[in-house]
Amino acid sequence: RQDQFGDITSIPRLIKRDLPHHQSTAKVSIVRKNLVNKLALHDWFHMLLRWTTTFSISILLLVWTFAIIVFALIYMYDDKINPLVECGLGAAGDPIGFNGAFAFSLETCTTVGYGLPNSTNGFFEQSCTSLQAIIYFQMVWSMMFNAFLFSFFFSRLSRSQERSVQVLFSNKAIIERKNGKWVIHIRVYDLDSSLPLVEAHARMYCVSWNEYAKQKSEDLQPQLLQTMRILHPNDELDSSLFPSLPSTITHHIDAYSPLTPSYFRKEANVLHGHGLVLREADNFTEGRAAMSCPVCGDSYGSYKGLKRHIEYNKKQEDTFGDDLPVEGTHRDVNIISPKKSGRQLTVDDIMNNLSDKEIIVVLEATEPIIGG
């Protein structure tokens with residue numbers, strides 16, 4: 001669409017919200033090039049599970065029918081090379097035809113046990129060892145294929161994608177300013193509230209297409225998918241939540257947030273992450289020091305704490321008078337004093353920065369009926 005923040009129709013979506021209530025089928029829009037087909041053979045079972053139900057059932061029926069036809073041809077060949085030995089397939093001198101062989105192969109594969117086509121017990125004769133061997137191998141194949149079908153259909157029915165349809169996310173995210181801080185909220189709710197999801201927790205990511213090409217870091221390679229720290233529920237407590245009640249997932253748009261413009265992050269007086277994903281909330285609660293004193297190295301979680309430290313030490317050093325040199329102390333004007341950026345983040349700054357971004361919210365949980 002075209003709006004005051006520019007044309008964003010050309011920005012691709014990594015995950016499409018293609019279900020009726022804006023959920024996603026969890027298919028990531030990634031096109032693989034130069035894929036080695038041999039790699040797919042190592043995980044062929046999960047490759048089959050990705051097929052649609054109609055297509056997979058059709059393919060499996062074709063494989064099953066083809067195997068029956070192959071064994072029918074083997075029965076015809078075995079009866080033809082031994083025309084005078086009556087093993088119950090065809091009469092002596094009259095080998096069994098395709099229709100009879102197909103019916104016998106189908107009967108053997110399904111273990112119905114209607115009997116031999118020629119209504120004799122020749123199968124048990126010592127001269128019919130080849131027929132016994134063929135029936136043995138078809139029965140072994142049938143058991144293995146039936147076991148595969150059981151596991152395949154169980155895996156299809158228990159797929160988490162079907163359960164995830166009942167997890168609803170808000171169509172729009174809400175950005176607001178609370179206590180001088182910008183935050184973004186996403187609502188989530190599980191429709192099947194009577195059977196709560198087990199160990200539900202959330203994760204957030206930001207896909208930044210324009211910044212991906214511009215990223216130049218000494219610490220990490222450029223990252224298309226950037227992790228977003230979650231303020232509520234606290235990601236240090238595994239972001240656990242109870243989606244059986246409408247819940248809100250909140251991200252603080254702080255100086256470390258990928259939703260904050262890069263020029264603002266550079267101006268903010270905060271500790272460099274050095275590749276770690278940090279959040280300012282830990283600074284405010286003194287959970288982690290973000291600013292250090294250029295004189296003594298004491299660290300503080302906020303600008304106010306560092307400023308009080310410097311002002312207090314100035315007064316302490318003033319009591320020594322001229323006995324204490326100014327250079328290298330908290331009174332030295334040449335030492336960089338803490339400066340808080342005078343620029344305030346605005347909603348226009350955030351919206352302009354969001355023009356090329358996609359926010360991905362992932363809710364992970366264990367399904368209580370099958371998974372529990």
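How many nonpolar, polar and charged residues are in the lining of the largest cavity? By class, the lining has 7 nonpolar, 4 polar and 3 charged residues. Here Ala, Val, Leu, Ile, Met, Phe, Trp, Tyr, Cys and Pro count as nonpolar, Asp, Glu, Lys and Arg as charged, and the others, Gly among them, as polar. This is a predicted model: local features need pLDDT of at least 70, side-chain atom pairs count only at pLDDT 80 or more, and totals for chains, interfaces and linings use all residues. Residues are numbered from 1 along each chain as its sequence is written, and side-chain values use heavy atoms, without hydrogens and water.

**Cavities**
- The count comes to 2 cavities of 30 Å³ or more (on a 1 Å grid over the protein atoms alone, a cavity is a set of points where a 1.4 Å probe fits but cannot get out; lining residues have an atom within 4 Å of a point).
- The largest cavity holds about 70 Å³ of space.
- Its lining has 14 residues, and the closest to its centre are Arg-229, His-251, His-252, Asp-254 and Arg-279.

**Sheet**
- An open sheet has 3 strands in the order β7-β6-β11, with antiparallel pairing (strands are DSSP runs of E, at least two residues; two strands pair if DSSP finds at least two bridges between them).
- β7 (225-228) and β11 (357-366) stand at the edges with a single partner strand each, so one side of each lacks a neighbour in the sheet.
- β6 (residues 198-208) pairs with β7 over 4 bridges.
- Cys-206 stands opposite Gln-226 in β7.

Definitions and conventions. 1 Å grid on protein atoms, 1.4 Å probe; cavity = no way out; pocket = protein on both sides within 12 Å on 5 of 7 lines; lining within 4 Å. Points joined across faces, edges and corners; volume = space filled by probe spheres on them.
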